[in-house]
Amino acid sequence: MTSGAAAPLVALRSISKSYPGVAALRDVSFDIGPSEVHALLGANGAGKSTLVKILSGAVPRDSGEIVFDGSPLNVASPHAALERGIACLYQEPALVPELTVEQNIFLGREICRRFGVINRFDQRRSVAAVLDRIAPRLQPTQRVADLRTSERQLVALAKALTADARLVIMDEPSASMTDAEIEFLFGAIRDLKSAGKSVVYITHRLDEVLGITDIVTVLRDGKHITTGPTSAFDRGKLVELIAGSVIEKTDRAMRPPIGKPLLVARNLFRSGSFSEISFEVRAGEIVGLAGLVGAGRSEIARAILGADALEAGTVTYPSGTTVVSTPAEAVEAGVAMIPEDRKTQSVIPAMTVGDNILLSSAPHYSIAPLGIIRRKAANEIIARNFRRFSINPPGSEQRRIETLSGGNQQKAVLARAIESGAEVLLLDEPTAGVDVGAKAEIHRHIEKLAADGKGVLLISSETEELLALADRILVIHEGRLIREIEGHSTNSLELVQSVLGEYGKEKLNADR
Amino acid sequence: MPTDDSSSQNLVTKRAALARSTAAADLGLWAVVVLIIVFFAIAAPGFMSWTNFLNVLRQMAVLAVAAFGSSFVIFSGGLDLSIGSNAALSGVLSAMAARELDFVGGAPISWLVGMLCGAVFGWINGTIVTRFHISPIIATLGTLTIGRGLALLLTGGVSLFGVPESFQGLGRGFIIPATLPIPVGIMLVMLIACWFVLRRTTLGTYVYSIGGNEEAARLSGVPVRRVKTWVYVIGGATAGLAGVILASRLGSGQAASSEGLELMVITAIVLGGASISGGSGRIGGTLAGVLIISLLANGMSILNVPPFYQRVVTGMALLIAVGIDQFRKRRSRR
């Protein structure tokens with residue numbers, strides 16, 4: 001306390017965190033000063049979100065220590081973090097939709113008279129003061145369920161402001177905001193700063209970084225790359241730091257000449273998700289979909305699978321049909337998907353590994369129309385995939401899939417999609433959260449699929465994965481297809497620039 | 001060498017399957033059944049007799065048939081509260097049909113009418129759940145009330161008599177005289193049929209997959225809506241069949257019958273080790289659950305335990321069984 005202005009508000013020391021198969025943070029150390037707006041930058045999966053979760057008490061760290069305001073920070077829950085003076089705005093605001101704006105702002109720390117009776121008068125006054133500053137259009141009595149995402153962000157911000165936190169962490173708050181709302185947000189950030197509080201600001205928009213922040217920290221692959229005053233960086237430098245070393249063309253085996261189009265998408269549109277998306281996937285081709293989380297990539301894949309409705313546009317499926325309204329019909333038309341989230345969207349935890357593999361390929365091992373299972377054919381499919389993917393441990397066909405490691409679960413899920421007989425596979429982050437060995441193996445199988453004449457649409461947040469596998473990379477930015485890059489002719493810098501929506505901007509600025 | 005390899009693998013698979021079918025959960029369940037039998041054999045004179053044994057089987061048949069079909073619903077993560085009403089309505093309709101079809105060969109048709117009524121009732125449940133996205137508990141709560149109301153309307157609230165004698169064949173007849181009553185035969189056939197569909201057809205796999213993780217099943221191409229509708233049709237048809245058996249045994253259509261059958265059915269299925277949230281359970285477990293309920297009721301009747309106490313005991317049996325199960329699961333997780 002006596003050390004004066006130099007004492008940081010938060011000191012992170014050697015923070016590490018791993019999830020099964022991945023090291024999300026490795027030995028990260030940096031400081032956040034008082035009255036400072038601190039930008040946290042990094043590509044998808046760089047570790048920003050994990051760091052935020054650790055700071056806000058949502059997940060425990062594996063090792064390292066945090067000093068907050070002069071004393072160690074060991075909070076076990078977001079509530080405890082808030083008590084210490086750390087408030088957090090998540091990408092998806094954590095609010096109770098059925099309650100009003102005012103009730104949400106004071107949830108858990110209502111201003112009370114005796115016997116837990118809420119002091120409405122005081123509460124209303126304090127809410128009015130905050131809303132007036134950041135969202136004059138919102139009424140305290142509105143139900144949160146009726147608000148747009150960006151308005152909810154502002155309510156979450158109001159909640160953080162009234163909590164009188166010393167440190168406010170904002171995880172991409174501006175992603176869904178209009179320009180006017182962003183102005184209010186920036187106003188609130190300036191107010192916080194002048195009140196002596198600090199803000200950690202996460203964004204992918206470099207304009208915002210250069211415009212509002214004082215200090216920049218860049219993370220890459222879970223490692224701390226740099227921390228320095230914003231004025232010391234320009235756009236180009238920041239992109240370079242985020243992208244990392246420039247990987248030139250990767251050595252890889254040539255694939256046979258690419259064949260006829262299997263999947264043709266024309267002018268796909270779904271409001272709030274994506275628009276004017278047109279592309280083809282040809283036989284023997286791996287098409288990458290690059291973009292930020294939330295750019296609309298998974299939504300495009302889900303719409304093609306018939307899991308979400310398309311509002312406009314047509315998809316021609318491998319079978320030739322253009323009418324698909326459920327995933328079951330899509331599988332029949334020759335398209336299968338590996339969804340993004342293994343736990344909630346792809347494995348059936350209580351079923352055996354074998355049954356999980358068999359789930360999409362009923363016609364190949366059962367007698368229509370009653371669907372009587374031919375045990376021998378079914379066992380053959382299971383055995384074939386255990387061999388092909390060397391699923392570990394061997395002989396676990398009849399074990400519940402939840403007892404296997406993430407990588408082996410993912411292999412079973414890939415086996416399921418392949419055994420459906422699909423001509424085109426939509427793979428959404430197929431190697432997320434799997435260990436290095438399983439990842440290499442899955443990559444090998446994806447290449448094998450293309451070599452066998454299948455079409456693959458590969459969604460990945462990992463630049464290197466796309467560069468290593470994709471023949472063409474389509475870049476999706478805020479729901480639009482903004483670029484198409486030949487997989488061989490690009491490098492990670494160009495790809496990251498495109499993904500951030502920065503490609504070509506440098507030139508534009510230079511011209512000005 | 002390769003043959004050696006595959007045969008050893010086969011053996012492993014077989015052994016695993018064996019281990020699965022005699023899993024600890026099942027053993028515990030059947031141990032309870034044996035324990036109950038041993039207890040009443042000692043405590044209740046006349047319990048261990050052929051006549052009483054037949055009696056238990058005949059009494060449990062109605063509950064068992066309804067519970068087998070409803071197992072599909074519960075295993076898929078659904079719930080059907082309308083079973084009792086469905087059984088009553090189907091029984092009434094079946095009896096009414098029998099009255100109209102008073103000629104040789106008319107009775108079997110009236111039985112079929114009752115079962116068909118149950119299936120249609122179930123189809124309506126399934127359609128409400130899958131098309132109008134109303135949660136199963138609300139949807140079937142609604143049809144529970146509607147079904148009971150319709151049955152009362154049809155009978156005017158009184159027992160429907162004047163049913164031809166031949167109608168009673170299903171409930172009172174024997175396949176093998178004095179040895180195998182028809183309802184018990186139906187129960188055994190249903191047991192095998194339901195086991196076969198759940199374990200040996202794709203529909204069965206789909207039922208478990210939807211109960212285990214509906215979104216994953218849907219994205220894998222499982223026709224979720226169709227399967228869920230079928231599950232209610234199966235549950236409804238067996239409820240209808242149970243209602244017909246009961247009406248046939250009583251020789252009349254009674255709108256107020258089978259009240260609370262749904263709760264007995266759910267109790268039996270949960271006793272049998274199924275999770276109420278779906279994804280797990282076995283038809284053999286359901287059979288054990290029905291046996292536990294029926295043996296307790298029978299034994300206590302012989303001991304002249306007043307019916308009110310019997311309810312208390314059955315409820316406690318459910319809580320103890322599920323409590324032990326939860327305790328074991330939590331311990332094994334640690």
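Over which residues of chain B does pLDDT stay under 50? Hi everyone, let me start there. The stretch is residues 1-22 of chain B, and the model has eight contacts beyond four places in sequence for it. Here pLDDT is the predictor's confidence in each residue, from 0 to 100, and two residues are in contact if their C-beta atoms, placed from the backbone, lie within 7 Å.

A quick word on conventions. This is a predicted model, where local features need pLDDT of at least 70, side-chain atom pairs count only at pLDDT 80 or more, and totals for chains, interfaces and linings use all residues. Residues are numbered from 1 along each chain as its sequence is written, while chains are lettered from A and ligands numbered from 1 in the order in which they are written.

Back to chain B. Its mean pLDDT is 89, with 91% of the residues at 70 or more. Helices are DSSP runs of H or I with at least four residues, strands are runs of E with at least two, and both are numbered from the N terminus.

Of its 18 residues, 15 are buried, so α4(B) is largely enclosed by the rest of the structure. Buried means 20 or more other C-beta atoms within 10 Å of a residue's own, exposed means 12 or fewer, and partly exposed lies in between, with C-beta atoms placed from the backbone.

Now the complex. The predictor gives it an ipTM of 0.85 and a pTM of 0.84. At the interface, 32 residues of chain A are in contact with 25 residues of chain B. Elements giving two or more residues to chain A's side include α10 (327-332) and α12 (353-358) of chain A.

Finally, one residue in chain A. Is A:Thr213 buried or exposed? A:Thr213 is buried, with 22 other C-beta atoms within 10 Å. Its place is in the loop between α7 (206-212) and β9 (215-220) of chain A. Beyond its neighbours within four places in sequence, A:Thr213 is in contact with A:Val37, A:His38, A:Ala39, A:Tyr201 and A:Thr230. A:Thr230 is 17 residues away in sequence, yet 6.6 Å away in space, C-alpha to C-alpha. Thanks, everyone!
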